[in-house]
Amino acid sequence: MNQQTAQGELASIRSLMADSQAFLSGTWQHQLLWGTLAAIGLSATWVAAREESYTAIGWIWGVTLVSGWLCSVWLMRRGTGSPVRNVATRAFGGIWLSLGVTLTLIGTVSIYSGALEPSSLPGVLALVFGAGYFASGFMAGMPWLSAVGVAWWASGVGLLFRRGPGGLLVLAVLVLLLEVMPALVLRNRERAGAARS
């Protein structure tokens, strides 16, 4: 491989990484939406569980999930975020869509089927979040985002060892710290990129 070919490939890789980072920065609204809804839903579930109002829990998550998915579809149709589209950004879209569906199924089907004990749900959900953040950060060359994934994994392991109703509140705080805060960082990156353009 000659030097000119190597430089061309490096430039192509840099361009792909820059596009991937721009695309991920444009996803902040989805993260902010789901993080806010999840924190509210988890806190409300904790209150309902303390009051032993188990019927309310179904309503809480029914409203939370339906409104979250409807708002996500609206955001996608509105065309928010970066218009960058390439193989990597399609991969990110696939990762997060599949993780969203996985989290929804784990939180609903596994509980109603009895396959998963409710007290272990916060830990399992945290582990799934870790996969999404770590993979996205790794693929986009954003080490700080991968570190968020590692924090999710560590928290998930802790929640699996310390199960109980308090895990819902811990997960609500984690969502604010490890989903809403990264969303705000990505928003700032998107705005900084727009200002440079």
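This is a predicted model: local features need pLDDT of at least 70, side-chain atom pairs count only at pLDDT 80 or more; totals for chains, interfaces and linings use all residues.
Figure 1. Let's start on the outside: Pro 143, Ala 154 and Phe 161 are the exposed residues on the face of H6 turned away from its buried side. The buried residues of the helix are Leu 145, Ser 146, Val 148, Gly 149, Trp 152, Gly 156 and Leu 159. Looking down the axis of H6, you will find these buried residues within an arc of 150 degrees, so they line one face of the helix.

Figure 2. For the protein chain, the average pLDDT is 83, and 79% of the residues score at least 70.

**Figure 3. The largest nonpolar core, with its 30 residues.** Two or more residues come from each of helix H2 (28-50), helix H4 (87-112), helix H5 (121-140), H6 and helix H7 (166-196). H7 gives the largest share, eight residues. Leaving out residues up to four places away in sequence, Leu 171 touches Leu 42, Pro 122, Leu 125, Ala 126 and Trp 152. Apart from this core lies another, of five residues, including Leu 33, Trp 34, Leu 37 and Leu 75.

**Figure 4. Gly 100 in helix H4.** Is Gly 100 buried or exposed? Its relative accessible area is 17%, and because buried means under 20%, Gly 100 counts as buried. From its C-alpha atom to that of Gly 132, 32 residues apart along the chain, the separation is 9.6 Å.

**Figure 5. The aromatic pair Phe 134 and Phe 138.** A search of the whole structure turns up five aromatic pairs. In this one the rings are stacked, at 6.2 Å centre to centre with 15 degrees between the planes. Both residues sit in helix H5, four residues apart, which is about one turn of the helix. An α-helix has 3.6 residues a turn, so residues three or four places apart point the same way. Phe 134 is partly exposed at 29% relative accessibility, whereas Phe 138 is exposed at 62%. Together with Trp 153, Phe 134 and Phe 138 make up one aromatic cluster.

Methods:
Residues are numbered from 1 along each chain as its sequence is written. Side-chain values use heavy atoms; hydrogens and water are left out. pLDDT is the predictor's confidence in each residue, from 0 to 100. Buried means under 20% relative accessible area, exposed over 50%, partly exposed in between (1.4 Å probe, protein chains only). The arc is that of the directions from the helix axis to the C-beta atoms. A nonpolar core is a set of buried Ala, Val, Leu, Ile, Met, Phe, Trp, Tyr and Cys residues joined through side-chain atoms within 4.5 Å. Contact means heavy atoms within 4.5 Å. Rings of Phe, Tyr and Trp (its six-membered ring) pair if their centres lie within 6.5 Å; planes under 30 degrees apart count as stacked, over 60 as edge-to-face and the rest as tilted.
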